[in-house]
Amino acid sequence: MRRPLAVLALVLVTATGCSANAAPKAASSRVPAADTSQSPAAEPSAAPSTAPSGPLFTPTQPVTMNVKGFWSWAYYDHKTDQMYGSTPYTTSDTASMAKAWVAADWLRRQAESGKQPGSTALNELSRMIRDSETENTFKYHVQNGNLASIKRMISLCGLTETKGTQNSWSLTQMSARDVARLARCIGDGRAAGPKWTGWLLNEMRGVRGPGRFGPIEVLPADVQKTTAIKNGWLARDDGQWHIACMALGDGWSLAIMAHYPSSLGKDYGVKTCREVTKQLLTQH
C-alpha cells in the first residue's frame, strides 16, 4: 500500500544541501502521514508519568518557517503509531544527539552480558548525557563496535534513512522521522533494555547547560519535568551549523533537524527547534 506523503518542509534546500546566499522564503508543512514501517515496539518500561489534559500537540496544523538553510521536523504519536512531519526524508548529522544511543547500546549490552557497570563508567555516561561531555564518547562507541553499533540502532529501532560513518558517532546521518523513532526506541526500553531504561531517561531529563534547548524551552512547565531530551549542535568544516533536537514525552516524540550557514550562529538553529515546537503545540 502506498503511504500518503507529507508536504515539503524545506527552506532554501536541495537534496544535498542549501545555498548560503539565497534569500529566505517561507515554507509550510501540514501532514497526517501514517507511518507503517515502524517495527513493533516493546511495552514501555519507564514512561513519563504526567498526562496533560487534552492534546498537547496538533501535528496536522501547518508549520511555517522563514529561515535560511535546511530544516525538517517529525512528530510521532506513539499511541496511534502515526508519524507526521516533513518530506522528503532528507538527512542531517546528529552531532551530540547520538550520545543517547551510545549510552543506551553500551548499557543494554552490559546487561545482556551479565555485567554491572562500575561507578566510573556510570559517571562518565551521566556527564556524556547531561553535560554533553565528549571526552569519553568515542571510547564507548568503539566498545559498542563502532559502525556496527549504528547498524544495530537501525535494525533495533526500525530506522529507514539512517546511515553511519566508520569511526564517528557524531556524523551519523538521520532523518527527522528516524530521530523520532529513536526517541521512542529509547522510551519503550528497546534501546537500553529493561534494566537501564529508567536510568537513561532520568539522565536525559536532567540535561543541563548549553545542551538544554529547543522543544524543552517552550513546553508547559509540568511537561518539561517529565520530558527526556538530547540535542546536537556543531559548526562543522563544511561552513554550516548542524543542529539536532530530540524530545521524548508521554506517548510522543518530536525531532527537528537543521543546518545552515555557520555565520548565523548556534542560536539561529536553536530558535528553529523552539519555533517548530511552539507551532505544533495545541495552545501557544
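This is a predicted model: local features need pLDDT of at least 70, side-chain atom pairs count only at pLDDT 80 or more; totals for chains, interfaces and linings use all residues.
Helix α2 spans residues 119-130, and helix α6 spans residues 193-205. Their axes come within 8 Å and cross at roughly 45°. Angles from 65 to 115 degrees count as roughly perpendicular and those under 35 degrees as roughly parallel, so α2 is oblique to α6. On the α2 side, the contact is formed by Leu122, Leu125, Ser126, Ile129 and Arg130. On the α6 side, Trp196, Trp199, Leu200, Asn202, Glu203 and Met204 take part. By class, seven of these residues are nonpolar, two are polar and two are charged.

Strand β8 covers residues 168-175 and is joined to β6 by three bridges. Ser92 stands opposite Met174 of β8. In general, strands of a sheet pair through backbone hydrogen bonds.

Helix α4 (residues 147-157) has a buried side. Leu147, Ser149, Ile150, Met153 and Cys157 of α4 are buried. These residues lie on the same side of α4 because they cover an arc of only 160° around the axis. Lys151 and Ser155, on the other side of α4, are exposed. The cover over the buried residues of α4 includes helices α1 (99-112), α3 (137-143) and α5 (176-187), together with strands β7 and β8. Gly158 follows α4 and has a positive phi, near 65°.

Definitions and conventions: Residues are numbered from 1 along each chain as its sequence is written. Side-chain values use heavy atoms; hydrogens and water are left out. Axes are lines fitted to C-alpha atoms, for helices over the stretch in contact, and angles run from 0 to 180 degrees between N-to-C directions. Helices (H or I, at least four residues) and strands (E, at least two) are DSSP runs, numbered from the N terminus. Angles under 35 degrees count as roughly parallel, over 145 as roughly antiparallel, 65 to 115 as roughly perpendicular and the rest as oblique. Contact means heavy atoms within 4.5 Å. Ala, Val, Leu, Ile, Met, Phe, Trp, Tyr, Cys and Pro count as nonpolar, Asp, Glu, Lys and Arg as charged, and the others, Gly among them, as polar. Two strands pair if DSSP finds at least two bridges between them. Buried means under 20% relative accessible area, exposed over 50%, partly exposed in between (1.4 Å probe, protein chains only). The arc is that of the directions from the helix axis to the C-beta atoms.
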